[in-house]
Amino acid sequence: MSAHETEHPVWRRPLLEDEGLEEQAERLRRRHLLLDPRFPWEMNDDVLRPMYRTRPTFWVIFVALGGLVLMGAVTWGAQIYWGLGITGLNRPINWGLYLVNTVYFIGIGHAGTFISAALRVLKVEWRRPISRAAETLTLFGLSTAALAIFIHLGRVWKAYWLLPYPNQRQLWPNWRSPLMWDFMAILTYMTGSVLFIYLGLLPDLAMARDHTRGWRHRLYAILSLGWRGTEKEWAYHKTSLDIFSYIIIPVMFSVHTIVSWDFAMSIQPGWNSTIFGPYFILGALFSGVAAVIIVMAIIRKAMRLQYFLRDEHFNGMAKFLLILSFAWAYFYFNDYIVPWYGGEPVMKVLFDLFHRGWAAPLWFLMLFSNLFLPGIALWSRRVRSSIPVLVVICIFVQIGMYLERYLIIPVMSGRNELPFDWGTYIPRLETLITLASFALVAFLYLLFSRVFPLIPVWEILEGQILQGLKRIGRALIPSRAEPH
Amino acid sequence: MEQPERKWTMVIDLDKCTGCAACVVACHAENNVPIVTAREVARGRGQHWIRIERYWVGEYPDVKARFLPILCQHCGNAPCEPVCPAYASIHSQRENLNVQVYNRCIGTRYCANNCPYKVRFFNHFDPVFAEPLDQQLNPDVTVRSAGVMEKCTFCVQRIRRAEEKALAEGRPLDDGEVVPACVGTCPTSALVFGDLYDPESQVTRLVNHNARKFRLLEHLGTEPAVYYLKGGSSHVST
């Protein structure tokens with residue numbers, strides 16, 4: 001963050017020409033990663049070194065997260081043994097925290113694909129150092145979401161009945177069921193994201209192979225598939241990444257649309273909303289981008305990646321978050337105003353519950369965290385360049401988006417057309433599994449960060465080669481070469 | 001002999017219902033419906049395939065209780081059926097029953113969410129039948145395990161038995177021969193059961209040209225097979 005930007009309002013800042021060319025170049029280099037090239041071996045070292053470092057703090061976090069995951073596994077075992085009765089689920093409320101977790105964690109996963117695929121296609125240059133960290137979050141968010149669906153099942157040992165496998169009894173899954181679509185969509189998205197992250201990893205795995213010994217060397221040698229970095233390999237790599245980016249964008253949009261159809265296709269009041277598809281995607285991107293900012297802040301500090309993750313990246317992500325906050329508000333307003341205008345008695349009951357019922361604190365906290373806090377604070381450049389403040393805002397966004405899903409799933413299903421059958425949901429042992437789910441994402445991320453490079457070195461090198469400075473008159477302007 | 005297509009239908013006369021809940025008890029006994037503990041009921045997990053919903057009408061002191069027996073409506077266009085990924089909730093085409101195949105249920109609970117009448121019951125635990133209830137389980141009905149959804153079947157075991165008996169005797173099934181447990185036990189005969197495709201049956205006569213008839217939440221388009229006859233002050237001569 002240079003003095004140039006914050007200390008004066010825009011109309012009082014010195015003109016570009018007032019600086020000498022030297023200072024201009026220096027300022028641009030400090031601000032932009034792609035204009036601040038280092039030698040490749042330095043960069044390799046910066047990325048690989050934190051992977052070997054396992055200090056006591058690491059082991060403390062490792063044991064804590066591992067313990068939480070173990071606790072969740074034991075609770076799940078108890079649930080399989082005794083039945084779903086150990087949760088707080090009851091008759092009108094059949095879907096509780098487990099499905100809130102599913103929707104939430106799939107949502108977290110959306111930002112990764114968006115950043116690495118959509119921003120790649122749109123040639124947004126600052127995405128380069130973030131893409132791998134975001135994709136990794138996609139991978140583990142999605143896995144945890146898929147796991148939550150299995151935890152949610154009453155008879156999980158029969159879950160393979162969802163697969164269309166040939167069998168003697170000629171049973172076939174029901175393709176009319178949104179759950180079936182959901183299952184297939186998540187499976188597709190998961191396969192796609194694994195391949196996509198792997199494709200992007202290939203050159204870096206080869207780099208790691210050439211710089212390591214022992215088991216790491218053997219592992220990377222297998223995973224890098226004999227990558228040598230020839231011209232032809234790079235050409236194929238670029239083509240396949242481009243194709244993959246275009247393919248995975250519609251898959252990403254379809255997944256959360258289909259997740260929303262689990263609700264929108266039902267006749268439960270509050271769920272059967274036609275706007276749920278785009279609304280869920282927006283919400284997913286919103287919570288996902290906020291989660292990526294939190295992860296960026298953590299790995300920047302813990303793995304000393306200050307060189308790679310700079311103010312420009314946090315600023316870019318925060319602007320994106322601001323746009324998404326307003327887009328979310330637009331969809332939420334739509335989803336609110338139409339049923340309100342429709343005036344169905346049961347919708348009135350639901351709105352009363354949100355405005356002045358027991359759910360009111362949750363509802364207002366959701367509006368505060370999703371709209372008012374980011375919507376007001378993120379306009380400020382000072383807020384966008386302060387990482388701690390940004391992290392606090394992003395944590396609020398996580399709370400808000402979790403609450404949004406909580407209000408939709410267990411709170412709304414507690415109200416229906418027959419007042420005799422209303423109910424409330426008080427989570428019980430599923431809170432432990434929820435806690436463990438969050439720990440699981442962090443735990444897998446932690447393990448991943450020790451085995452795989454979290455910063456795509458080849459992408460940054462590519463960007464730095466393409467990016468240059470052009471002198472126009474007395475000003476230096478960043479310019480970018482376009483590869484074929 | 002091929003069995004004819006049927007439309008099993010129930011008519012519930014709300015003028016006759018006293019809310020005594022004998023039907024609930026009979027249903028529990030007939031269908032091995034688990035009797036859950038008081039604590040579980042307080043958690044909202046009471047399991048009654050038929051229940052009496054009691055609504056208070058009017059302002060104090062002029063308050064009246066209205067009773068609404070609610071069981072699975074065996075919808076012609078059932079919201080629970082298309083949402084089950086495992087085909088556990090399906091429509092029996094010939095009898096127009098909404099059946100639940102316990103063995104095929106994997107417990108996604110989507111059907112229960114999508115049921116506007118909330119008549120589907122999930123087994124949160126394995127059922128426990130305390131002494132001496134374990135001595136009177138009905139051998140014709142499966143006891144459902146934990147993790148499985150269950151609901152009213154219109155006593156399909158009784159339908160089968162009556163049909164088979166008629167088949168064995170080589171005669172068509174008579175109206176009134178199939179009596180579900182709730183219908184058989186109702187002291188005021190508020191519940192009537194029969195085949196709506198049979199133009200002579202009692203349910204057809206009650207449903208046809210009856211200004212009192214209505215179906216629950218009909219605006220949702222579920223085509224329920226349970227008809228209610230309005231009671232109380234809304235009484236209209238038939």
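Chain A puts 36 residues into its contact with chain B, and chain B answers with 33 residues; two residues are in contact if their C-beta atoms, placed from the backbone, lie within 7 Å. On the chain A side, the largest share, 4 residues, comes from helix H7 (residues 178–210) of chain A. Sorted by class, that side of chain A has 18 nonpolar, 12 polar and 6 charged residues. Here Ala, Val, Leu, Ile, Met, Phe, Trp, Tyr, Cys and Pro count as nonpolar, Asp, Glu, Lys and Arg as charged, and the others, Gly among them, as polar.

Please keep in mind that this is a predicted model: local features need pLDDT of at least 70, side-chain atom pairs count only at pLDDT 80 or more, and totals for chains, interfaces and linings use all residues. Residues are numbered from 1 along each chain as its sequence is written, while chains are lettered from A and ligands numbered from 1 in the order in which they are written.

**Chain A as a whole**

- The secondary structure of chain A comes to 17 helices and 2 strands; helices (H or I, at least four residues) and strands (E, at least two) are DSSP runs, numbered from the N terminus.
- A compact globule with 484 residues would have a radius of gyration near 23 Å, and the 24 Å of chain A agrees with this. The radius is taken over C-alpha atoms, and the globule rule is 2.2 Å times the number of residues to the power 0.38.
- Taken along the principal axes, the C-alpha atoms of chain A fill a box of roughly 75 × 60 × 45 Å.
- Of the 484 residues of chain A, 40% count as buried. A residue is buried if 20 or more other C-beta atoms lie within 10 Å of its own, exposed if 12 or fewer, and partly exposed in between, with C-beta atoms placed from the backbone.
- Among contacts in chain A with a separation of 6 or more, 80% come from residues 24 or more positions apart.

**Helix pairs in chain A**

- Helix H5 (residues 97–121) of chain A and helix H6 (residues 131–152) of chain A have axes that come within 7 Å and cross at roughly 160 degrees. Axes are lines fitted to C-alpha atoms, for helices over the stretch in contact, and angles run from 0 to 180 degrees between N-to-C directions.
- H5(A) and H6(A) are therefore roughly antiparallel to each other; angles under 35 degrees count as roughly parallel, over 145 as roughly antiparallel, 65 to 115 as roughly perpendicular and the rest as oblique.
- The contact of H5(A) with H6(A) involves 14 nonpolar, 11 polar and 1 charged residues.
- H5(A) also packs with H10(A), at an angle of about 75 degrees and with the axes 7 Å apart, so H5(A) and H10(A) are roughly perpendicular to each other.
- Residues making that contact include A:Tyr104, A:Gly107 and A:Phe114 of H5(A) and A:Gly283, A:Leu285 and A:Val292 of H10(A). By class, the contact of H5(A) with H10(A) has 11 nonpolar, 7 polar and no charged residues.
- Helix H9 (residues 231–264) of chain A meets helix H10 (residues 276–302) of chain A with axes that come within 8 Å and cross at roughly 125 degrees; H9(A) and H10(A) are therefore oblique to each other.
- Contributors to the H9(A)–H10(A) contact include A:Phe253, A:His256 and A:Phe263 of H9(A), together with A:Phe276 and A:Ile281 of H10(A). By class, the contact of H9(A) with H10(A) has 8 nonpolar, 4 polar and no charged residues.

**A covered helix in chain A**

- In helix H17 (residues 457–466) of chain A, the buried residues include A:Trp458, A:Glu459 and A:Gly463.
- The cover over the buried residues of H17(A) includes helix H3 (40–52), H6, H7 and strand S1 (467–472) of chain A.

**Chain B as a whole**

- Chain B has 7 helices and 10 strands.
- The radius of gyration of chain B is 18 Å, close to the 18 Å that the globule rule gives for 238 residues, so chain B is as compact as a globular protein of that length.
- The C-alpha trace of chain B spans about 55 × 50 × 35 Å along its principal axes.
- Of the 238 residues of chain B, 42% count as buried.

**A loop residue in chain B**

- B:Pro187 sits in the loop between helix H6 (181–185) and strand S8 (191–195) of chain B, and counts as exposed because it has 10 C-beta neighbours inside 10 Å.
- Leaving aside neighbours within four places in sequence, B:Pro187 is in contact with B:Cys20 and B:Ala22.
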